[in-house]
Amino acid sequence: MSAAPLLSVQDLTVRFRADSGWMTAIEEVGFDLMQGENLGIVGESGSGKSVTALSILRLHARTTTAIPKGRILYDGRDLLTMPERELRAVRGGEIAMIFQDPMSSLNPVLTVADQITETLRLHQNLDAAAARKRAIELLDLVRIADAPRRVDEYPHRLSGGMRQRVMIAIAIACRPKLLIADEPTTALDVTIQAQILELLRDLQAELGMSVILISHDLGVIAEFAQRVLVMYAGRIVEQASVRQLFRKPLHPYTDGLLAAVPRVDADVHRLPAIPGSIPDPNEMIAGCRFSPRCLEAIASCRAQAPALLDAGEGRRARCPPRIGSLTAP
Amino acid sequence: MSVIIDVRGLTKEFAVGQGKILRAVDGVEFEIGAGETLGLVGESGSGKSTTGRILIGLIPATAGSITLFGRMITGGRMPPDIRRRMQFVFQDPSGALNPRMRVGDSIAEPLAIAGESRRARQDRVAELLEMVGLPRASAERYPHEFSGGQRQRIGIARALALRPEFIVCDEPVSALDVSMQAQVVNLLLDLQEKFGLSYLFIAHDLAVVRSISTQVAVMYAGRLVEIAPRRQLYDSPRHPYTRALLAAVPRPDPDRPRERALGGEIPSVLDPPAGCAFAARCPLAEDRCRVERPALRELATGHRAACHFA
């Protein structure tokens with residue numbers, strides 16, 4: 001691949017104000033996203049996956065966030081230093097985002113039409129009639145039956161799955177080049193989750209956009225992403241193509257996570273659990289942040305923070321002992 | 001197997017104003033044996049949590065019979081001596097613990113109500129904490145000092161305080177991270193082995209119940225659509241909804257061939273369709289399904305399904 005990436009996140013570090021000073025939410029996060037690519041970011045609570053996503057659009061409250069370090073290059077421009085006015089044209093226009101809970105992202109006192117046309121009129125200068133016509137087309141596009149009638153409904157009249165479809169319609173209204181989906185199916189029932197994932201896949205192919213899908217669910221990631229970042233306690237611990245990751249995980253945390261997924265297709269009487277708990281962001285851990293829970297940790301893991309090492313074939317993992325044995329002659 | 005829970009024709013209706021009746025649970029039937037786990041699976045609005053709440057006596061049934069530990073419960077009132085043999089573990093361990101109470105006091109509360117002495121309570125709390133894998137010193141701390149997984153352990157310790165024989169676990173791991181889920185499920189399995197506990201384990205998907213259940217029941221729009229011993233349910237599901245639910249679980253396997261997702265949504269229980277509630281989404285549905293409600297039929301020993309084509 002010689003083309004320039006659509007998005008290039010470099011050494012991104014974000015700190016939040018906490019009772020006891022500054023807390024590092026994510027540290028030295030870096031990755032590239034190509035045009036049309038589906039990137040999955042997987043991690044548990046506190047891994048920093050949502051902080052990473054929100055940082056791309058600078059959606060953190062300025063009063064509680066330190067100025068992030070690093071660069072976020074979109075189409076060659078740095079989103080972190082871009083003037084607010086310019087950023088507003090990117091947000092919702094070229095880069096759109098959908099969230100976990102569609103109910104709290106939709107305005108309860110506005111109709112579906114009002115909310116979709118707001119985006120269209122802001123970014124595309126459509127008049128009222130043209131915006132309404134486009135809103136109905138968009139509802140069709142997200143497979144909402146009876147769109148001309150549904151467009152005048154209020155959010156509370158819609159099911160959770162319908163609301164998420166409306167959110168997706170708003171997000172794709174301006175044909176974004178990048179869609180960031182933060183746990184878009186977590187609040188939905190299993191059969192509805194399957195429908196929404198299918199819709200996102202179809203739209204991604206139809207519109208040729210890139211998607212960053214954030215999820216705690218490895219199953220969702222496996223079904224959607226082409227490339228995956230695994231995050232733990234604010235850091236990327238592994239990066240691989242989806243097939244590499246699920247076939248042969250390199251980081252012990254990825255191993256543990258995969259083994260702990262409840263299987264619907266096999267009888268596993270006792271799931272192998274990862275011992276211990278996810279560390280609190282304020283907790284100081286010397287060396288590798290996973291080492292207190294890692295069964296393979298050796299003295300050097302506790303002494304020195306490991307770097308994200310190149311493991312060949314475009315893979316990276318933050319585990320010197322494992323990568324060392326991989327590359328040893 | 002000695003049956004300790006026997007439910008027949010269990011029905012729960014709620015009046016929702018303007019003379020409307022919402023039938024949340026409609027004719028549910030199952031048995032749970034001593035030391036066994038029934039996994040009860042369904043999506044939002046299926047009636048699974050309401051079923052659990054009725055069993056434990058939190059809300060009365062509208063119709064049907066419940067036999068608990070050999071005694072038939074009538075008139076909707078749960079006799080205190082029966083109630084004492086059962087407990088509940090909730091989905092959200094933070095919401096179920098009083099944030100201003102020390103963990104030890106929360107766990108000891110049922111013991112205090114049962115009239116145990118302070119000394120006996122302290123000893124029992126220490127013993128319970130150890131049982132669920134938490135240090136004894138946890139008793140002096142407050143819920144916010146613990147992780148989600150640890151709080152669920154505290155909830156389990158409290159549920160065990162009065163030595164129950166049957167526990168309703170309502171989505172006990174749904175709010176937990178994957179790496180914590182396995183720990184809590186394994187703890188429930190250990191406790192079951194040790195004390196011969198029986199569980200009703202409620203969940204919204206078929207993956208997590210597979211590792212804990214001896215029997216699995218699937219609910220849809222208030223009705224039981226299939227119930228079978230674990231192996232049979234996963235290996236030869238007979239109801240099209242069970243098959244759809246199995247197919248919908250995302251698997252950590254990027255090479256799995258993708259099937260088209262099941263369309264449509266669960267019908268409102270306020271205005272249930274005549275005939276089979278699943279007919280509108282069912283790939284097999286014929287005219288008959290839209291008018292005639294399928295009965296739950298026995299297909300093999302312990303395996304029943306409510307489908308005309310099963």
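Student: How many residues does the contact take from chain A and how many from chain B?
Tutor: The model is a predicted one, and the contact is counted separately for each of the two chains. It takes 41 residues from chain A and 35 residues from chain B.

Student: Which helix gives the most to the side of chain A that touches chain B?
Tutor: Helices H8 (190-207), H9 (218-224), H10 (242-247) and H11 (252-260) of chain A each supply at least two residues of that side, whose residues divide into 20 nonpolar, 11 polar and 10 charged. With seven residues, the helix that gives the most is H8(A).

Student: Which helix of chain B do the buried residues of H11(A) pack against?
Tutor: The buried residues in H11(A) are A:Pro252, A:Tyr253, A:Thr254, A:Gly256, A:Leu257 and A:Ala260. Within chain A they pack against H9, strand S9 (227-232), strand S10 (235-241) and H10. From chain B, the helix they pack against is H7 (178-195).

Student: Is H4(A) roughly parallel or roughly perpendicular to H5(A)?
Tutor: Helix H4 (residues 112-124) and helix H5 (residues 128-141) of chain A pack with their axes 9 Å apart, at an angle of about 115°. Because angles of 65 to 115 degrees count as such, H4(A) is roughly perpendicular to H5(A).

Student: How many nonpolar residues are in the contact of H4(A) with H5(A)?
Tutor: H4(A) brings A:Ala113, A:Ile116, A:Thr117, A:Leu120 and A:Arg121, which meet A:Ala131, A:Arg132, A:Arg134, A:Ala135 and A:Leu138 in H5(A). Of the residues in this contact, one is polar and three are charged, while the nonpolar ones number six.

How values were computed: Residues numbered from 1 in each chain as written. Chains lettered and ligands numbered in written order. Predicted model: local features only at pLDDT ≥ 70, side-chain atom pairs only at ≥ 80, totals over all residues. Contact = placed C-beta atoms within 7 Å. Helix = DSSP H or I, 4+ residues; strand = E, 2+ residues; numbered from the N terminus. Nonpolar A, V, L, I, M, F, W, Y, C, P; charged D, E, K, R; others polar. Buried ≥ 20, exposed ≤ 12 C-beta atoms within 10 Å, placed from the backbone. Axes fitted to C-alpha atoms, helices over the stretch in contact; angles between N-to-C directions. Parallel < 35°, antiparallel > 145°, perpendicular 65-115°, else oblique.
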